Amino acid sequence: MDDEHAALRRVATLVARGSPPEDVFAAVTQEVGQLLPVDFAIMARYEFGGTATYVASWESREARFEVGGRWPLEGNNLVTRVFETGSPARLDSYADATGPMGVLGRESGFRAAVATPIVVDGHLWGAVVAGSTGDGPLPADTEESLADFTELLATAIANAESRAGLARLAEEQAALRRVATLVAQGAPSEDVFAAVTEEVGQLFPVDFVGMARYEPDYSETIVGSWGGAAERFTVGTRLSLGGHNLATIVFETGRPSRRDTYADASGQVGETAREAGFRSSVGTPMLVEGRVWGVVIACSSTDDPLPADLEARLAGFTELLATAVANAESRAALAASRARIVAAADRARRRFERDLHDGTQQRLVALMLELGAARATVPPELSELGSELGRVADGLATVFDEVREISRGIHPAILAKGGLDQALKALARRSAVPVQLDLRPAGRLPTNIEVAAYYVVSEALANAAKHACASLVYVWRDADDATLRLAIHDDGIGGADPTRGSGLVGLSDRIETLGGRFEVISLAGAGTTLLIEIPLRIRSDVAPPEA
Amino acid sequence: MRAARPGAMLPVVAVRLLIVDDNEPFLAASRAVLQGQGLDVVAVARTAAEGLLRAQLLRPDLILVDIELGDDSGFDLARQLADEGETADLDVILISTHPEDDFADLISESPALGFVSKSELSRFALEEVLRRPPSDRCGDAAG
C-alpha cells in the first residue's frame with residue numbers, strides 16, 4: 001500500500017508540474033508495471049473512426065510488445081470491451097481473445113489482463129491494460145489499483161489538453177484573423193490561397209496542405225500548395241478527378257472527409273498523393289454560393305493519425321476562403337461586365353462610322369461630283385440656274401463637312417488605319433490650342449487601349465481649349481511591354497474638379513475598366529495635368545464563374 | 001513621297017487614268033465627271049490586287065487610290081506600286097472622304113505624289129498636285 005501511495009505521489013508530482021502528457025503516460029505504465037504483479041502495462045487512446053492507438057507501454061523481460069500502429073476496435077479484447085462498455089474489464093485467458101488487438105496480445109505472450117477506462121471530462125479518452133504472461137487470473141483488486149492511476153492520468157490529460165487547447169485556440173484565432181484581414185483588404189485570391197495553405201500547414205501537425213478549384217470537366221486545378229510535396233502539386237497543375245481519393249470524395253459528397261491509408265488510393269489525384277508519400281489526410285470543401293467550389297486538403301506522411309477535430313478546425317479557414325472567392329468573383333464579374341459594355345459601345349461606334357463612311361459619305365461625294373459636272377454644262381445665258389446650282393453645291397459641301405465631323409467624333413478612322421500615334425498627331429493638328437507632342441517609340445497597342453488613350457487626349461485638348469484658356473498643351477506618351485503611360489499638361493487656369501464635369505468622370509471610368517489608373521492634378525493657377533497608366537497585360541485572377 | 005518628274009503636268013492629249021476604289025456610287029460619279037473633264041478613265045479596280053494588276057497591264061498615266069479599300073489599305077497599295085519595278089514610275093494620288101489633315105503623316109510618308117479629297121476631285125485638283133514642287137504636294141489640293 002505504501003508502494004502504491006509512493007507511486008501515485010510520483011505521478012501526481014509529474015502531473016502537477018505540468019509535464020508533457022507523453023512523459024506522464026510513460027511514467028504511469030512503468031509505475032503500474034512495477035507496482036502490480038504484471039508483466040506488461042499498455043495505454044491506448046481511442047481515435048476517430050472506431051480505432052485505437054497505443055500511446056505508451058511498459059513490459060518486463062518476458063513480454064514482447066510493439067507500441068505503435070492503429071487498430072480497429074473489434075473482436076474480444078480488453079481495449080474494445082472498455083470502449084464498448086465504458087467500464088473496467090477483465091480477460092482471464094487470451095486463448096479466447098479475438099480481433100487484431102486480441103491476436104496481437106496473444107502473440108505477444110499475454111495470458112491474463114485487466115483494463116480500466118480513462119475518462120477525461122466525462123468523455124471516454126482511452127484505456128490502460130495491465131496483465132501477466134503467466135497462468136492464472138490476476139488478483140481481484142487489480143482493477144481498483146489501476147483505477148487510481150487512470151484517475152491521475154485523466155487529470156494530467158485534461159490539464160494538458162486545456163493548456164494545449166488554449167494555446168492552439170489562440171494561434172488558430174491569430175491565423176484566422178490574418179487571413180480575414182487579407183480578405184477584407186481585397187487581396188488577390190492567389191495571395192489569400194497561399195496565406196491559407198501556409199497558415200494551415202504551420203498550425204496543424206501536417207506535412208502538406210493543398211488547395212484546389214473544381215473545374216467543370218471533372219478535374220481540379222491546384223490553386224494553393226504548401227509543404228514537402230508541393231512540387232508534385234504546384235499551383236496551376238490540373239488533375240483529373242475520379243477513382244478513390246479525397247478530392248473526388250469531397251467533390252461528390254460536398255462534405256468533409258478523411259482517409260487513413262493511401263494503399264487503396266486510385267485515380268490521378270490518389271496516385272499522385274501516394275507517390276508523394278502521404279499516409280493520411282483530411283479534406284474540407286469550400287462552398288461558394290451553394291456550390292462546391294474547391295477543397296482544402298491537409299496531409300500527413302507519418303503514421304500518427306491527424307487530429308480528430310481537424311475537419312472542424314479547417315472549416316474556419318474554408319469559410320474565409322469562400323468569402324474571398326465570392327468577393328473576387330463578384331469583382332471580376334463586375335469588371336468583366338464593365339469591359340464588355342465599353343467594348344460593345346466602341347464596336348457600335350466603329351460600325352456607325354463605317355456605315356456613314358461607306359454609305360452616306362460616298363453617296364454625298366458622288367452627288368457633289370455629279371452636281372459639279374452638271375454645273376459645268378449650264379450655258380452662260382442661264383446664269384440664274386448656274387448660281388442656283390452653285391448654292392445647292394455649297395449647301396451640299398456644308399452637309400458633307402458636317403457629316404465628316406460627326407463621323408470623326410463617333411470614331412476616328414485614323415485610329416484603325418494609322419494607330420494611336422498617327423491619331424494623336426491628327427488631334428494635335430486640329431487642336432485649337434497648340435500642342436507639343438512627345439511620343440516615345442512604341443508599337444501598335446490593343447485596340448481598346450488605343451481607343452481609350454485617344455479619347456483621353458481628345459477630351460483633354462477640348463477641355464484645354466474650352467475651359468482652361470490654355471496657350472499650350474504638352475502630350476507625352478510612353479509604353480513598354482507592361483504599361484502604357486500618358487501625361488497631358490496644359491498651362492491654363494487649372495482648378496478643374498474631376499468629380500464634376502462628366503468628361504473627366506467618363507474618362508476615369510474608361511481607364512479603370514481597363515484596370516488602369518487615372519489621376520487629375522489641377523491646382524488653381526497651375527494648369528491641369530492628367531496622368532494615366534494602363535496595364536498592357538491582363539492580371540490573372542480567379543476565373544470568372546461559369547456562364 | 002517619290003520625286004516626280006520636274007515640271008510634270010497632265011499633257012493636253014487624253015490622260016489615261018486608273019481609279020482604285022471599293023465604292024460603286026463614287027466610282028460611277030468620279031468616272032463620269034473626270035471623263036467629262038477630258039481625262040480617259042481606262043479602268044477602275046475595286047481591290048488592291050485588282051488595282052496592281054490593272055496598273056501592270058495598262059500602265060496608266062495616273063492612278064487614283066482610295067486610302068480605305070475595304071480590308072486593304074490604299075497606303076499599302078501605293079507602296080506596292082512604287083516597289084514593283086513595272087509600276088514604280090507611275091504617278092499615284094491618294095484620295096479619301098476623310099480630310100487630308102487626319103492622314104497627313106501617312107500621306108507624306110507614302111510614295112504617292114499627294115492627296116486629293118474626294119469631295120474636291122476634279123481634273124483641276126489633280127493637276128494642282130502634279131504642278132506643285134515635290135516637297136509641297138501633300139498640301140490641301142483646293143488651297
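Guide: Let us begin with a single residue and its contacts, meaning heavy atoms within 4.5 Å. Leaving aside residues up to four places away in sequence, I532(A) touches V456(A), L484(A), R485(A), L486(A), I488(A), I511(A), R517(A) and F518(A). The model is predicted: local features need pLDDT of at least 70, and side-chain atom pairs count only at pLDDT 80 or more, whereas totals for chains, interfaces and linings use all residues. Residues are numbered from 1 along each chain as its sequence is written, and side-chain values use heavy atoms, without hydrogens and water.

Visitor: Which residues have the most contacts inside the largest nonpolar core?

Guide: In soluble globular proteins, nonpolar side chains tend to be buried together. A nonpolar core is a set of buried Ala, Val, Leu, Ile, Met, Phe, Trp, Tyr and Cys residues joined through side-chain atoms within 4.5 Å; buried means under 20% relative accessible area with a 1.4 Å probe, protein chains only. Here the largest core has 63 residues, and I488(A), L530(A), I532(A), I63(B), V65(B) and L94(B) have the most contacts inside it. Helix α12 (residues 447-466) of chain A gives the most to this core, with 11 residues. A second, separate core of 36 residues includes V403(A), V116(B), A125(B) and V129(B).

Visitor: What share of chain B is buried?

Guide: Of its 143 residues, 55% count as buried. Among contacts in chain B with a separation of 6 or more, 63% come from residues 24 or more positions apart.

Definitions and conventions. Chains lettered and ligands numbered in written order. Buried < 20%, exposed > 50% of the residue type's maximum accessible area, 1.4 Å probe, protein only. Helix = DSSP H or I, 4+ residues; strand = E, 2+ residues; numbered from the N terminus.
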